[in-house]
Amino acid sequence: MPMPASSDLPSALPTNLLQAVAQAAEMLTQAGVAFGHGTDNAWDEAAWLVLWQLGLPLDTDLQGAQGQQAINAAQWQAILALLARRIHERVPAAYLTGEAWLHGVPFYIDARSIVPRSLIAGPIVDGTLDIWLSDRTRRVLDLCTGNGSLAVLAALAWPDVTVDALDLSADALAVAAINVQRHDLQSRIRCIQSDALGALQPGVDCYDLVLCNPPYVNSQSMATLPAEYRAEPALALAGGDDGMDFIRPVLRQLPHFMTESAVLVLEVGHEAEHFERAFPDLVGHWLATPDGTRQVIVLERDALLQGIAQRP
């Protein structure tokens, strides 16, 4: 079914802020947009876009007195113009607003980098990963840093660590640098352009913790991604036929860049079956995720050596 022209968007002026959000949510629902770039439903996304366009706090109480705030014609037309881009161009809301949040921490974002949403963020923030760390944990590697959100969260969670944030994309690293500066972490986070581990020196660059949210979407899934996900850099998503093209060589090389007690925290998304098929001898610990699926695994250095690195 073809999408309507922007002039076909409903334009009846809502009487207040609450009604504006309700009408916007209905437009998003009717248009069948895909969520997942900061929200997972039409109401939250509509609230985000409307409040951002009006310069209002995102915690505005829409159900209370603030929701009764009047909307004038000029404000509504500006909201409609923003919604038209979201609906017709399928631009993720985070790219439209230039901001996204991960566990309450704000990040700048634009189309040069994938939108922050890694499932590794939760275990960093809630302390789940702390059991694998010690008072000797000093150096962290964020491989495939993208927008730099995991590097920032790690530096905020563990004040004694320094973080090397690596990515192949110079564009993504430019976004990451903005976020490092935004959180005043320039003295503890280095952004380094690198093709996988290529910019590192074995025996010199050794890390106590490695975080990695790599490109892992298999080719069949890539072909069916909603337009909102295709708006993101494919380099950050596409993982080849089974999603493991980047992961295979990296897991073989990583032990050379890890201290003896180091661990790798690896996100594989919905590719757990492909991951286990590719690495049948690898023993790790799957972390709990909000939906109960296996998407993030913790791997000790010794497990990598035994399960991958020393295999012929």
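The model is predicted: local features need pLDDT of at least 70, side-chain atom pairs count only at pLDDT 80 or more, and totals for chains, interfaces and linings use all residues. Residues are numbered from 1 along each chain as its sequence is written, and side-chain values use heavy atoms, leaving out hydrogens and water.

**Strand β7**
- Seven of the 10 residues in β7 (residues 258–267) are buried, meaning under 20% relative accessible area with a 1.4 Å probe, protein chains only.
- Strands here are DSSP runs of E with at least two residues, and helices are runs of H or I with at least four, numbered from the N terminus.
- β7 runs parallel to β6 (residues 207–212), joined by five bridges; two strands pair if DSSP finds at least two bridges between them.
- Leu211 has Val265 of β7 as its bridge partner.
- With β9 (residues 296–300), β7 pairs in the antiparallel sense over five bridges, and Glu267 stands opposite Val296.

**Glu228**
- Glu228 lies in helix α9 (residues 227–230) and is buried, with a relative accessible area of 1%.
- Its side chain makes a polar contact with the side chain of Arg86 at 2.9 Å; such a contact is a pair of N or O atoms within 3.5 Å, and within protein one must be able to donate a hydrogen and the other to accept it, while residues adjacent in sequence count only if both atoms are side-chain atoms.

Conventions: Buried < 20%, exposed > 50% of the residue type's maximum accessible area, 1.4 Å probe, protein only.
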